[in-house]
Every structure is written in structure tokens, then in C-alpha cells.
Amino acid sequence: MSRPLHRNSISGGGRFAESNRDSWDSQMKSKSPRTEKDDVDRNRSTSDHNSLSLRFLVNLIFPENSSSKSVLSDSGFGSDPFNMSSSRSRHNLILLFLRFSLVLIVILALFGSLWWTISISTSSRGYIFKGYRKLQEQLISDLSDIGDLSLGAARLKEMDYCSEESENHVPCFNISQNLELGYTEGNEYDRQCEHGSKQNCLVFPPRNYRVPLRWPTGRDVIWVSNVKITAQEVLSSGSLTKRMMMLEEDQISFRSDSIMFDGVEDYSHQIAEMIGLRNESNFIQAGVRTVLDIGCGYGSFGAHLFSKQLLTMCIANYEASGSQVQLTLERGLPAMIGSFKSKQLPYPSLSFDMVHCARCGIDWDDKDGILLVEVDRVLRPGGYFVWTSPITNAQSLRNKENQKKWTVVHNFAENLCWDMLSQQEETVVWKKTSKKDCYASRKSGSGLSICSKGQDVETPYYRPLQPCIGGTHSHRWIPIERRTTWPSRAKLNSTELEVHGVHSEEFADDAINWNSAVRNYWSLLSPLIFSDHPKRPGDEDPSPPYNMLRNVLDMNARFGGFNSALLESGKTVWVMNVVPTSGPNYLPLILDRGFVGVLHDWCEAFPTYPRTYDMVHAEGLLSLETGQQHRCTMLDLFTEMDRLLRPEGWVILRDTVPLIESARALATRFRWDARVVELESNSDERLLLCQKPFFKRQQK
């Protein structure tokens, strides 16, 4: 029977194999039949010859036991194996010796390979050098992956679905488990990824899940069934932004034209006046572009500032239900789970132009003011801290407890060299100093020192909170009023790039490449995304609300070039720029461009809820992660991508040909629709374009 053809082999190869088989059959038929006796004689002769060879080797090794008798060959001629004068005998001797050596080498190789395999799977591998052991383990894992892929896409087992309890679960945030481990005093809300946080299953959407409304309608109206919040929780909400919600049958409305929403506009206008501006439209001219909103409610403050070209990052504690972060992301606004009760936020020092806290639930006077120190670390020189709290108004200050809290916060802000600009009703605005020499001129015994260079890490990754003033050693200490205003800020000049160790030519080439890439991406996606509103030749992209992409997760952002190219092409999306901890740290550069981003280890779960991004993009991430120590697999990365992606969302991967082929095979396990696209500019790379299908859990 002929072997099955490889699927990539050309048809000519198949014909060639068939013709050879016909020729062989014809030759066999043309030969005269042999008798059974001839076959027996021939076999006996061969057996005798083999026995002679074996006896000869024994005699050669042990000459004292050798015999001088002549041996008859199967041709009938006598030969003496010990007659070294015969050239024929010498030739046979060499051949036999070579055969024996070859057999010995094969046997030793087999035993060595067997010993090597056993040594990995037993306890003795602990005595092997660590680097060599990791190399062996990675080799075995790679061989296993190759074996799985060689079975073909049809043989790869599809991923199982998680239980219904996992619909809104976030790995690394398990409050009950943290309490059992002894975390208290608010630390149970912190991120803990070392206790089996990986998931090996796919997360189903809720039973009544519906595809979000398109932007900008989806910013103001969301489906109740898409988030874990009940009507009672909406109606009983008491904070400023939560009261802005209106429950309408199966929707939650944040209508900007409602009478209730006027409070957010008036509030932002009040803050602008307290800073000394005419209105919130002048924030950009004052150097404010990025805002960190702590305990953001449901994102109404950031949604309003978004229309003023300000980008607001919402952070809030993990909540099992009624999550601020989940509702904000469902509206298509920037948000992530973040708590700094005991650990620093994964942002560089000097990252935001404004930090905002409106009834955010944080007691700033706790822990000797160390939480305010973290705010100071992420705030740029000349930036603003806005605090709205009931304890700051005159009537509340009649209470001795509130007066004590206010005094602690006020004095601590003064020790941080913050200047209190204004106080109106419940809102207070401070401005961080722009001059480093302010810290040296403070009163002696203020109790707050400057961080040493060892403590002042540029981009900490969930390090413990530091009781010292950070950022003063950074070359990025530039007051916001001296920075280039938005949108020119996105294009850093040569002096600014030099601070980050990047050459102007490299930065310019990166921008050109990404502008070209975005055009190519959109030419592939447009017919699919806008299938119900097709583009006509010469027309621009369909205007909102026909834009389905509201947010993009860039898993390996590098300089933020993908983000910049999307903005330059007029796409109404915002990008979460993620800088992997396993690669170069360009997050300070990204944030200095006026974008938002975060440092993250992709072998851990991203701090957000399931189904929060319309698109996941990763250029070179597979090469970056597989080149590191074998801490996580491609399967782990894909499982996390699927968790973060909304149903009918898109995945764009760009990497080397072997990795993209492996990724395409793996995509079938996740039931993604996948296609590989060749790149004209680079024959060594491929593009993998996938779409996550919309599967619903079967009704019981």
C-alpha cells in the first residue's frame, strides 16, 4: 500500500509514485518463478554467512581461541579469514568491523537517549545543572506540541467551557481565599497571583448576553444582562456618579442629554474654575491630557472628559457584583482593577496630569498618609489632585472626627509640597510642586524623606508601597505646563526621545511602519466589520454609530505606534497599551505621549473582567514570550485572550511563520474563525486574523 501524500505535496509527486509501483509490479510478473527449495537454500546460505561473520569477530577479538580451519563460502570457494595477505579478506574485515562499530554506536545512542529521558522524569534531575535542565524540559514540551500539531486540526481537542460561576470571575482576585490566607484591613482586595490563578477553560457569556451597542451609543446605554449588577443595586446607589444611571427595562442609561447628567458637566466646570481656567475645554491648554480616576463610580466623569479630548483611566477595587470597572469598560471607557492599599500601582512615576477622587471610599489619613505618597509618585510635576468628600465641607468639619481627618490630610499635603489652590463645598484642588528644591526647603522633621535611587524605581510592578517621595531622580521631571500640549504631544521631539534612549530615526520608522500596517488591517477588517454598512469606493470609514471597535488591547505596545496610527487615521478607538515585563520597558515613553498603558506579566491574568475588549492585538508577543524561560505556554496566552475578548471580537497576531502556523492550529481549539495573511513587506512573518464566535450557554 502506498503512503498517504502530504497535503502540501504537488500532484506530480503522486503520479511519480504511482508509475514506480506499476513498473515494479511488471518486473515481478516478468521474472521466472522461484521454487521453494531455492528460497530455502538461499536463506540457509545467508544464515551460514552471518554465522561465519560472527565467528570471525569472536576469533578476531580473542585470537587465542581462534581456529585455523578454512571456511567454505556460499560460492564454494575456500577462504581463510586469518590470511591477511589477501586483499579480499582485508576488505571483508574492514566492512565487518565498520558494521560492528555502527551497531555498537546505535545501541549506545539508544541507551543514552533512554537514560536521558528517564533522568528528566525522576528526582535525579535536581542534580543536573539548572540551565541544561530547563533546555531539556523546553525541548520535550516543544516536541510534545509538535506531536499534537502533527495530528492535524481535526484531531486537536477543543477547549472545555468553565462553569457558570466563572462568567464574571477575575483570576488573581479571590477575596474569600485571601481572607483564609490571612489578608485583612483591605489587603484582601489586593491582587494575589501566586495561588493557582490560571484557568484552563473558556468563559461563557451570561445567558442573556447581547452584543454591545455601537459607539458612541454604547457609551451611554448598556445592556443590564451584560454586567453583574441588579436593578436593586442600581436604584439603591448613592454616590454622585451612580445616581446618574437610569434603569430602562433591559438597559442602563447614562444619557448625556438628561437633566440628571448636568451634574457631571457642572462638576467638571467647577474643577476647571478652581484651577483658574474658563471651563473644562481649557484643560488641554493647561497641560492636562491624562487623568487617573480613583474609585470612578461608573465612569461618567471620564465619559464627559472624553468629549474634551482628555483620556481618563478608571481604577477601582475588585467587586464580586456591581463592579465599577466592569460597567465602565462595558461603556467602552478605559478602566482596570487596581488597589493600592499595600502595593504600588503598575504605572511609572510621573505618569498622570491629574488624579481625581470623588467619594472614592479611600481614607487618605490612614497608614500615616502613605496612600497620598503613592498619588504623589504617579502625579507629574505641576499636576493636580482633586478630592471630593463630605468631610471637607464646612458643616461636616464641625464634627471633631472629620476635623481630625481633614487636618491630617491638609498637613500631609503640605509636606508633599502640594499647594492648595481652592476649596469649594466638598471639593478641594491641590497642585503638585514643579520645583525639586521645594523638598529641601521644608520644615525639619516633616517625617517624609526623598526616595533613594534604589527605592525610586521607574516602573514598579506591584512593589510594596514606599514611605518616601519618588520620581525626583527621574529625567522625566518636566512640569505639565512646559510639556507640549495635545495632540502634538503624541509626536515626541528628539530631546524628549533622548530621555527614553530612543533615536529619532528609529521612532520615525516605527511610525511609518504602523501607519502602513493600520491601513492594511483596516482593508482586511472593513468588509467584515462594516458588512451591514458597506464602504463605497472613495468613501471614508462609516461614521459613528457604525464603528464597532471602541477599544483595543495592544499586548506588546512597544512605542505605542499602533495607538498613534489608529488616531492619525481617524479611528474612534482608545488603546490599552500593555508593556510586557519580559521585554524592554517603554511604558514611560507611551504615557509621555499622552496615551494610557500599564506594565504586565502575560503569564498572569490581566486585571480586568471577562469580555471587556473589542480587539486584541499582539505584534511579536509570541516570539517574546517563547524566548523567555518556559513559564507559560501559548495555550495560556490564548486562554487569557479569549477571556478578555468580547463575543464577535477580533484577534490580530503578527509574528514569525512557524509561530503563526502553530497559533492557527491552536485557534481551532478555541473555535475561532482564523485565516493567515501573507505580508508583502516581510516574507519571514505572517498575520493571523481571528474572530471569536458568539456562543451561548444552553438553557436548562
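Is C690 buried or exposed? I looked it up in this predicted model: the relative accessibility of C690 is 0%, so C690 counts as buried, the cut-off being under 20%.

Next, the disulfides. I find seven of them in the structure.

C162 and C201 have their sulfur atoms 1.9 Å apart, and with 100° about the S-S bond I note a right-handed link. This pair links distant parts of the chain, 39 residues apart: C162 sits in the loop between α4 and α5, C201 in the loop between α5 and α6. C162 has 5% relative accessibility and therefore counts as buried.

C296 bonds to C314, S to S 1.7 Å. At -40° about the S-S bond, I write this link down as left-handed. C296 lies in the loop between β6 and α9, while C314 belongs to strand β7, 18 residues apart. I get a relative accessible area of 3% for C296, and 3% for C314 too.

C357 and C360 are joined with S to S at 1.9 Å. The torsion is about -75°, so I log this disulfide as left-handed. Both C357 and C360 are buried.

Then helix α12, residues 400–415. Its 16 residues should span 22 Å at 1.5 Å a residue, and I get 23 Å between the end C-alpha atoms, which agrees. The buried residues are N402, K405, W406, V409, F412 and A413. They cover an arc of only 135° around the axis, so they sit on the same side of α12. On the other side I see K400 and K404 exposed. The buried set packs against α11, β10, β11 and β12.

Last, the ends: N399 caps the N-terminal end of α12, with a side-chain oxygen 2.8 Å from the backbone nitrogen of E401. After the helix comes C417, whose phi is positive, near 65°.

Note on methods:
Residues numbered from 1 in each chain as written. Predicted model: local features only at pLDDT ≥ 70, side-chain atom pairs only at ≥ 80, totals over all residues. Heavy atoms only, no water. Helix = DSSP H or I, 4+ residues; strand = E, 2+ residues; numbered from the N terminus. Expected span 1.5 Å × (residues − 1). Buried < 20%, exposed > 50% of the residue type's maximum accessible area, 1.4 Å probe, protein only. Arc of directions from axis to C-beta. Contact = heavy atoms within 4.5 Å. Polar contact = N/O pair within 3.5 Å; in protein donor to acceptor, adjacent residues only side chain to side chain. Disulfide = S-S within 2.5 Å.
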